[in-house]
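Here are my notes for you, as someone new to this one. Have a look at the fold yourself, then read the points in order.

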Amino acid sequence: MRRLVTLVVAGLAVLTLTGATTTPWTVDRDASRIELSVRAFGGSHSGRFGDWRGDIVFDPADPDRTRATVVVQSASLAMSPAVASARATSPAFLDAARYPQIRFDLQSLEPLGGDRYTGRARVTMKGVTRRVAFPVDLRVTGDRAHLAGAFVLNRADFGIGTSGPWNRLVGRQVTVRVALQAQRG
């Protein structure tokens with residue numbers, strides 16, 4: 001779930017990547033999504049974070065120096081079915097009351113050619129920080145940028161839901177998907 005945050009931050013950073021100047025990009029939150037999915041109880045369950053913010057610094061001459069920070073409010077996770085939201089944000093999983101924020105710090109973007117990049121970041125959830133690398137696709141048309149990406153995180157790496165009866169009923173692998181739109185200026 002927290003890896004979702006990582007993908008979001010990377011997405012925000014990539015959106016600034018294609019700018020020819022240091023002009024900031026403003027994320028269109030209404031047109032953007034940070035989502036996750038996890039296997040549990042024999043099916044797939046999805047969720048979406050509704051409250052997050054991001055800050056981006058980008059040097060167009062050196063994409064490796066791109067930096068971004070995305071902070072997600074863990075309690076803003078809304079899952080389907082709704083009863084899963086309370087469980088996901090409970091002390092056994094995200095523990096939103098004790099750890100209200102999930103933080104993603106993009107350290108670099110590496111061009112792969114065309115519209116593809118590898119983002120390298122640190123994700124912090126429940127007081128645990130892990131490094132992640134993930135693919136990102138970015139398309140820029142005029143002053144609009146569209147970013148999409150996904151990655152898989154192991155919730156146990158962050159101490160999420162690792163004890164109690166739910167541990168065996170919820171998959172360890174969480175897929176995070178990000179789709180962001182932004183405008184230059």
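Which residue in E10 is the bridge partner of Arg139? It's His146.

1. First, some housekeeping. You're looking at a predicted model, where local features need pLDDT of at least 70, side-chain atom pairs count only at pLDDT 80 or more, and totals for chains, interfaces and linings use all residues. Residues are numbered from 1 along each chain as its sequence is written, and side-chain values use heavy atoms, with hydrogens and water left out.

2. The labels are DSSP runs numbered from the N terminus: helices are H or I with at least four residues, strands are E with at least two. E10 runs antiparallel to E9 (residues 128-141), with six bridges joining them; two strands pair if DSSP finds at least two bridges between them.

3. The largest nonpolar core has 40 residues. Such a core is a set of buried Ala, Val, Leu, Ile, Met, Phe, Trp, Tyr and Cys residues joined through side-chain atoms within 4.5 Å. Phe49, Leu77, Met79, Phe104 and Phe134 touch the most other members. E11 supplies the largest share of this core, six residues.

4. Phe49 is worth a click. It sits in strand E3 (residues 43-49). Why does Phe49 count as buried? Because its relative accessible area is 2%, and buried means under 20% (exposed is over 50%, partly exposed in between, with a 1.4 Å probe and protein chains only). Phe49 and Ala75 are 26 residues apart in sequence and 8.3 Å apart in space, C-alpha to C-alpha.

5. What lines the largest pocket? There are 13 lining residues, of which Ala40, Phe41, Ala84, Arg87 and Val170 lie nearest its centre. Strand E2 (33-40) and helix H2 (83-88) are the elements giving two or more residues to this lining, and H2 gives the most, with four. By class, the lining has eleven nonpolar, one polar and one charged residues (Ala, Val, Leu, Ile, Met, Phe, Trp, Tyr, Cys and Pro count as nonpolar, Asp, Glu, Lys and Arg as charged, the others, Gly among them, as polar). A pocket is an open set of points on a 1 Å grid over the protein atoms alone, where a 1.4 Å probe fits, with protein on both sides within 12 Å along at least five of seven lines; lining residues have an atom within 4 Å of a point.

6. Most residues other than glycine have a negative phi. Asp95, though not a glycine, has a positive phi of about 50°; it lies in the loop between H2 and strand E7 (101-113) and is buried at 8% relative accessible area. Lys126 also has a positive phi, near 50°. Lys126 lies in the loop between strand E8 (116-125) and E9 and counts as buried at 14% relative accessibility.
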